[in-house]
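Visitor: I am new to this structure and would like to learn how to read its features one at a time. Could you show me the general idea behind each feature and then the case at hand?

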Amino acid sequence: MITLKLEERLDEVWKHCQRGLVYPSPFAIFTTFWAKTQVSRQQLAALMASVRKEINTHPELKDRNTSVVLGVSFKNWAAICNNDKLPLPKGMRLNFPTAADPYTSDVFDASKGVFDDTAGDLWFHIKSDSKNACELVLDLIVNSLKEITKHYFAQDAASKSNSKDGNKGKVLGCRFSENLNNPSDPITIAKHTLIGGEDMDHFGGSFVLAQRFLINWNQINMMTEDQIEDLIGRKTDDTIIPDRDSRSHIKSARLQDEHGNTTPILRLGLPFGRAKQSSAGFRAPKSVTVSDEEGIYFAGFAKEASILENIMSNQIGGDKGFMNDRLFNHLKSDLGGFFYIPSIEDLELEKHPDYSNNFTYVDKGDWSRFPGVDWSRLDRHYQNASENGLMYYNHQNYLFTMATGINRHNQYFKVPSNRILSLMENIFSLWQDNWYFNRKQEEIKEDLQYYINAYHGSDKPADIMKESIMIRKGWAVRMSLQLFSSPEYGFRGRKIRFPDGSLHAYSAFIESKGECVYGSDTYRISPEEIIVGAMPNLSLGEGRYVMKYLSETERMDGFLSNLSEASGVGHVIPHYEKAIQKGLKQMMDEVLAYEQKATTKELQDFYRSSYLSLLGITEYILNYEKLARETADKMAEGQAWEKANLLAIAARMKKLATDKPETFVEAVQFIFTLHSCLHLNGEPTAIGRMDQLLDPFYKKGDVAEDEAQEIIDAFYIKLDEKVQQNRIFMEDHQPFGNLAMGGASGPYPQGASLGQWIQQITVGGTVADGTEDFEQSKPAYNHVTKLFIRASGRLPLNAPCLSLRTRKDIPKDILEESSACDPFGWRTSNIA
């Protein structure tokens, strides 16, 4: 299986995880066993197979999505691996192990009793649509393990819902929706919950943090409803409270990894019991109600234990003895720990016919008949989507519908590939991050002189500030592109810079040890990417980050003329056709030839500045080649497809650093690189007639239609991945003297310029061959025109802005496809 493509692996992994693992059942019993003796892998497999057989045949158990998920303590699974000569799961490695035991995390002690590790040996998550079924299965397990059981504890739990269908369950006194922010689609869960290509020896396994939290209703009922909402960070109507308080529960529980990506946790927690009435007294709070549960049994799943551990450490924070997550001042755990969730192959359950699962329907694309999982419950919070099939409740509902096909009413456009849905999940997560923490980047604090001094090339000027403004501009472009494509500045997310200058993944646990810094998110690659590079973090309404290369006197003189280091809003389209016909090396050679022929110092400086800018783009591209190769070297054996993809990206970037593009994907990558480099240097420009630019490459016939569509989809995703949603974190970075902006951002942050980058794409219309008589002109529609229309029709993005030019002889199929695009404004689009 190590040769599986990502597209295939995201589906295949479901055949290797325990049945029902991800099902958010309305009823559950969470059971922990402490064993007298070591339990063997064969004993566990026999138990799971016998229980599965009983579920399949017992009339009270079958057809109720009844299943059992087994977890094994780290110590016990390590012993099993040692006895059976198996490799340990890579994800079992802890970030904060205790000094005495590598399989026990120090975060439990650091929480001062909020989190609890009670050293259980086995953990079972019994789940079903029937409470009685859960109880029957518990009896089966208890009887099977009675000979080796020291003692056990079982906690029954159930969803609390006001809906007849049992959906939209509530917690904390029926105030907040349970597990609201869960991943709800098989792509996201396969990426983040199940062990994948990074550890093929345990493909389909997982890790769980189990905690039985008790709620202190005495404290909570002393609060107003607003105060309770502030604890969570969300209102009781499920809307996020947009504030800067980083200590609310939903913000403390969301954390970016070392790559700046947020890993969603699959939370399958449920409320249990009923709160007890408080004693009387002058401090006695308002009475508990029937809605108030005794506690919440939390079960959070991830593909690595360290992910769960890092979130816990962030909730604890860096203030010793205090909790960063304010909710945990009012609840604590008395039971739980980390457990490994073995895969089917880990337990050799594939050898037991009683545990077999039928994936025939799933293989045909019918996820509604998935073994042991009613997928509609994963989408239970987001079912109020438009019936026209063109709009979705939110990104989770979109990914769920596209990945499963369930409740997909509009079939006009093909579903994006798993690879594209994976890339969509990446940017949706980035968008959502903005509600939880600031996604700003550090200003370019130093001026050009600072970066020239740090530059070690032999061609640097002796005194840059004595050069002309034009020359300085060229150097500023070059130095900026080096800065944006450096690991020290271009990283995604937040990091902690220690006093020695080293950068570490952010956690409130270590924040006191250094300075929190924000990356520009302009230098990173995901292993499944097609087009690489990044737009700036700021959209048009917020301004631009531009390296300062003017003196204070020059800057003030420029202001009086409405000029600055940044360009005005560019209502222009670069000559991309010339660029793709020549390539960077030929363009640089031509510019140098023009410099030699120049008759004035101004012209010489202009051409030299142009050369420096093009050289900066070349260096930027080569930095991405380096990053692709470094990332490829980190891929595991099971990620052979990702490694090959990254090496192909590296080869592509190495070529484009000098040569013209020759293939469809090279042309798209080259245009995006030039476009993003312009925007990174404060030059907001449109893109132009992409179908005319790309059609010659498509007609070469070296790319299939579906592959070409995937490339265009990836291009769209790149253009729109930096959307900012939370206005609290919008900042004014408009340079003064900025032409159309009038010296400041004015009303722009309040209008449509937020989340927009002037990324206008035009398709169709008339061939621009100089023909003045319309009757003699030629229509400019081609198959690439359709690819752009389809990308606009099936991807829920607000950029780019696609304009379709029409004429009376527009082909009927083009008109039909354009009319099928979303009319309700996912993105700005128009027909002219």
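Visitor: Which residues is Ala45 in contact with, once its neighbours within four places in sequence are left aside?

Guide: In this predicted model, Ala45 is in contact with Leu347, Leu349 and His352, when the neighbours within four places in sequence are left aside. Ala45 itself has its place in helix H2, which covers residues 41–57.

Visitor: Is Ala45 buried or exposed?

Guide: A residue counts as buried when its relative accessible area is under 20%, and Ala45, with a relative accessible area of 3%, is therefore buried.

Visitor: How should I read a salt bridge, and how many does the structure hold?

Guide: The general idea is that side chains of opposite charge can pair when their charged atoms come close. In this structure there are 46 salt bridges. One of them joins Asp334 and Arg212, with the closest N and O atoms 2.7 Å apart. This pair links distant parts of the chain, since Asp334 is in strand S11 (residues 331–341) and Arg212 is in strand S7 (residues 206–215), 122 residues apart. Asp334 is partly exposed, with a relative accessible area of 34%, whereas Arg212 is buried, at 8%.

Visitor: Which residue forms a salt bridge with Arg419?

Guide: Arg419 forms a salt bridge with Glu710, and the closest N and O atoms of the two are 3.9 Å apart. Arg419 lies in helix H14 (residues 418–433) and Glu710 in helix H24 (residues 705–720), so their pairing ties together parts that are 291 residues apart in sequence. Both Arg419 and Glu710 are buried.

Visitor: Where are the two partners of the salt bridge between Glu683 and Lys473?

Guide: Glu683 and Lys473 form a salt bridge whose closest N and O atoms are 3.9 Å apart. Glu683 is in the loop between helix H22 (664–680) and strand S15 (688–689), while Lys473 is in helix H16 (residues 469–484), and the pair links distant parts of the chain, 210 residues apart. With a relative accessibility of 23%, Glu683 counts as partly exposed, whereas Lys473, at 18%, counts as buried.

Visitor: Which residues are linked in a network of salt bridges?

Guide: A network of salt bridges links Arg492, Asp521, Arg524, Glu529, Lys718, Glu721 and Lys722.

Visitor: Which residues touch the most other members of the largest nonpolar core?

Guide: The largest nonpolar core has 151 residues, of which Trp14, Trp375, Phe664 and Phe788 touch the most other members. Helix H20 gives the most to this core, with 12 residues. Not counting residues up to four places away in sequence, Trp375 touches a list of residues that includes Trp14, Val22, Pro186, Ile189, Phe370 and Phe400. There is also a second, separate core of 82 residues, which includes Val68, Val137, Leu255 and Tyr355.

Methods:
Residues are numbered from 1 along each chain as its sequence is written. This is a predicted model: local features need pLDDT of at least 70, side-chain atom pairs count only at pLDDT 80 or more; totals for chains, interfaces and linings use all residues. Side-chain values use heavy atoms; hydrogens and water are left out. A salt bridge is a side-chain nitrogen of Lys or Arg within 4 Å of a carboxyl oxygen of Asp or Glu. Helices (H or I, at least four residues) and strands (E, at least two) are DSSP runs, numbered from the N terminus. Buried means under 20% relative accessible area, exposed over 50%, partly exposed in between (1.4 Å probe, protein chains only). A nonpolar core is a set of buried Ala, Val, Leu, Ile, Met, Phe, Trp, Tyr and Cys residues joined through side-chain atoms within 4.5 Å. Contact means heavy atoms within 4.5 Å.
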